[in-house]
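I opened this notebook page to keep track of what I looked up in the structure, entry by entry.

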Amino acid sequence: MKPTLLILAAGMGSRYGGLKQLDAMGPSGEVVLDYSVFDAIRAGFGKVVFVIRRDFEELFRTQIGSKYAGRIEVEYAFQDINDLPSGFTVPEGRTKPWGTAHALLSAEKVVNEPFLMINADDFYGQDAYKKIAADLVQPRPQDGKSHWSMVGFYLKNTLSDHGSVSRGVCTCDSHGMLSTVLEMTKIFKCDTGAENREVEGAYVPLTGEEVVSMNFFGFTPDIFAHLRAAFTAFLKERGHEQKSECYVPAQVDALIAAGKADVRVLETTGKWFGVTYPEDKAEVVASIRALVDAGEYPQSLWG
């Protein structure tokens, strides 16, 4: 069975302003996720699932999904802030989505095979897709534990010159297995590497050599049962808040700590890049242009 590519594309783009998933970056008008789908197809993936919102479904299907007809099977799942477990309601005034764990849960009914979860607006490079595709088709031990994987990137290669970024900072054991993921939500580039400025007066220094999660996880469908339980627990504790979010990396970290899952960290020779702020766009366009000129991608992906 071929693995599936699951793309989280429902984000509101609060910092960038607008539907950044639909912003042309390639030399022939390609958007970043076009390169993700292209890389997935040549790595052997058999289906792509887009997690989007109903309010831009028509625009997304027309501008994005239609391009892949006849190239790879396409399905859609819809993240809805009101889609909550029985007994829970959205607090009055809340408009912010519930986070990546909730987005992933919205795809449970259309994903029945090993899959790669990625962000729609991140460029990961073809090597990352090859590595994770090879891992996803390997048989997993039937030992009552979940066995997943991820591709990690060096923090220094994922920072923005134009503001803070949110990253899952990872530690690994001597066997290349993920030990912990610590979500840091205000990492700034600085002269000494980077620092996390979440807590005023208690900045956390970082070297830039740390391995970070960029939401490039290889999962099996058993992740959904874990996330349903975790999301319910999250709502009980923080569901009354206006901007709380339930992140996939944080839940993976908790499952590792509980002995319920392990995650193999795969190395990549590729460089991540993405658009967090409008000023990042020029660098992404130039980076893609350089890869096209080097022959890693055609001038037109779908031409």
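I take buried to mean under 20% relative accessible area, exposed over 50%, and partly exposed in between, with a 1.4 Å probe and protein chains only. Helices (H or I, at least four residues) and strands (E, at least two) are DSSP runs that I number from the N terminus.

I noted that this is a predicted model, in which local features need pLDDT of at least 70 and side-chain atom pairs count only at pLDDT 80 or more, while totals for chains, interfaces and linings use all residues. Residues are numbered from 1 along each chain as its sequence is written, and side-chain values use heavy atoms, with hydrogens and water left out.

Entry on helix 6. I looked up residues 248-257 and found helix 6 mostly covered, with seven of its 10 residues buried; among them are Val-248, Pro-249, Val-252, Leu-255 and Ile-256, and also Asp-253. Just after helix 6, I found Gly-259 with a positive phi of about 75°.

Entry on Asn-215. I looked in strand 11 (residues 211-219), where Asn-215 is found, and noted its positive phi, near 55°, in a residue other than glycine. Most residues other than glycine have a negative phi. Asn-215 counts as buried because its relative accessibility is 9%.

Entry on cysteines. I searched the whole structure for disulfides (pairs of cysteine sulfur atoms within 2.5 Å) and found zero. Cys-172 is in no disulfide, the nearest cysteine sulfur being that of Cys-170, 6.2 Å away, and Cys-172 counts as partly exposed at 37% relative accessibility. The sulfur of Cys-246 lies 17 Å from the closest cysteine sulfur, in Cys-170, and is therefore too far for a bond; Cys-246 is buried, with a relative accessible area of 1%.
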